[in-house]
Amino acid sequence: MKKLTCILLTVLTVTSLFMSFAKTDGYDAAKADIKSGAVSIVGDKAVMKKGAYLGFKDVDLTGIRSVTVTADCLMPYGENGDALSVRLDSPAAEAIGYIVINSEEEKSFTGNIKETSGVHTLYLCSTYAEENYIGIKSVTLNETAREFSAPVSDGKIKDVYSDTWQATD
């Protein structure tokens with residue numbers, strides 16, 4: 001009996017610790033409360049293009065410091081993905097953060113947001129994606145901010161694209 005009680009207490013303690021570190025609210029993008037005309041639903045994804053937005057009603061942002069988007073990104077030659085602006089209560093409101101989606105290999109993209117409290121309508125607005133480049137699957141709220149690595153100095157960046165080559169004929 002003591003062993004069973006110990007196991008139950010351990011499970012309860014671990015569960016409560018996990019709940020205190022991570023916000024578990026997840027939102028299915030294909031079932032967003034609000035979709036602009038530039039959003040189409042393809043399977044389990046909300047496919048967005050420039051000017052499109054998704055809205056989720058009654059989102060409690062108390063203690064939230066970052067937003068994670070699970071998405072597929074198709075970046076044809078010369079395209080850079082998208083930067084979703086995070087806005088509250090209106091797609092035209094001031095952005096409280098950005099989520100950069102810029103990799104075909106990655107599926108999870110996180111951006112920090114300005115700390116806010118209370119219940120709001122949360123909008124994710126596409127900044128510059130072309131049609132069918134960004135397919136959002138889910139949105140998750142996080143109580144921890146994303147840690148960024150130190151910036152790379154300009155001297156370490158190598159631009160190997162032909163538009164920067166210098167040559168004499």
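How many Å² does the accessible surface of the chain come to, and what share of that surface belongs to carbon and sulfur atoms? In this predicted model, the accessible surface comes to about 10900 Å², and 54% of it belongs to carbon and sulfur atoms.

**View 1. The whole chain, with its secondary structure and model confidence.** Of the 169 residues in the chain, 33% are buried. Among the contacts with a separation of 6 or more, 74% are made by residues 24 or more positions apart. The pLDDT averages 79 over the chain, with 74% of the residues scoring at least 70. Residues 8–24, however, have a pLDDT below 50, and in the model this stretch has 13 contacts beyond near neighbours in sequence.

**View 2. The open sheet of 5 strands.** The strands of this sheet are arranged in the order β2-β5-β10-β7-β8, and their pairing is antiparallel. The edges are taken by β2 (34–35) and β8 (95–101); each has a single partner strand, so one side of each is left without a neighbour in the sheet.

**View 3. The hairpin of β3 and β4.** Strand β3 (residues 39–42) pairs with strand β4 (residues 45–48) in the antiparallel sense, over 4 bridges, and the bridge partner of valine 42 is lysine 45 in β4. The hairpin has 2 residues between its strands, and glycine 43 takes a positive phi near 65 degrees there. Aspartate 44 also lies in the loop between β3 and β4, where it is partly exposed, with a relative accessible area of 45%. Which residues does aspartate 44 contact, leaving aside its neighbours within four places in sequence? The contacts of aspartate 44 are with Asp28, Ala30, Ile136 and Lys137. As for aspartate 28, its C-alpha lies 8.1 Å from that of aspartate 44, with the two residues 16 apart in sequence.

**View 4. The tilted aromatic pair of tyrosine 27 and phenylalanine 56.** The structure holds 2 aromatic pairs. In the pair shown here, tyrosine 27 and phenylalanine 56 have their rings 5.4 Å apart, centre to centre, with 50 degrees between the planes, and the pair is classed as tilted. The two residues link distant parts of the chain, since tyrosine 27 belongs to strand β1 (residues 26–28) and phenylalanine 56 to strand β5, 29 residues apart. Tyrosine 27 counts as buried because its relative accessible area of 17% is under 20%. Phenylalanine 56 is likewise buried, with a relative accessible area of 3%.

**View 5. The edge-to-face aromatic pair of tyrosine 53 and tyrosine 123.** The rings of tyrosine 53 and tyrosine 123 lie 5.6 Å apart, centre to centre, and the 70 degrees between their planes go with an edge-to-face pair. This pair, too, links distant parts of the chain, with tyrosine 53 in strand β5 and tyrosine 123 in strand β10 (residues 119–125), 70 residues apart. Are the two residues buried or partly exposed? Tyrosine 53 is partly exposed, with a relative accessible area of 23%, whereas tyrosine 123 is buried, at 8%.

**View 6. Two aspartates with a positive phi.** Although aspartate 58 is not a glycine, its phi is positive, at about 55 degrees. Aspartate 58 is found in strand β5 and counts as exposed, at 63% relative accessibility. Aspartate 89, also not a glycine, has a positive phi of about 70 degrees. Its place is in the loop between β7 (82–88) and β8, and aspartate 89 is partly exposed, with a relative accessible area of 46%.

View 7. Cysteine 73 counts as buried at 6% relative accessibility, and cysteine 125 counts as buried at 8%. The structure holds 0 disulfides.

Notes: Residues numbered from 1 in each chain as written. Predicted model: local features only at pLDDT ≥ 70, side-chain atom pairs only at ≥ 80, totals over all residues. Heavy atoms only, no water. pLDDT = per-residue confidence, 0-100. Contact = heavy atoms within 4.5 Å. Pairing = 2+ DSSP bridges. Buried < 20%, exposed > 50% of the residue type's maximum accessible area, 1.4 Å probe, protein only. Areas by Shrake-Rupley, 256 points an atom, 1.4 Å probe, with all protein chains shown as cover. Disulfide = S-S within 2.5 Å. Phe/Tyr/Trp six-rings, centres within 6.5 Å; stacked < 30°, edge-to-face > 60°.
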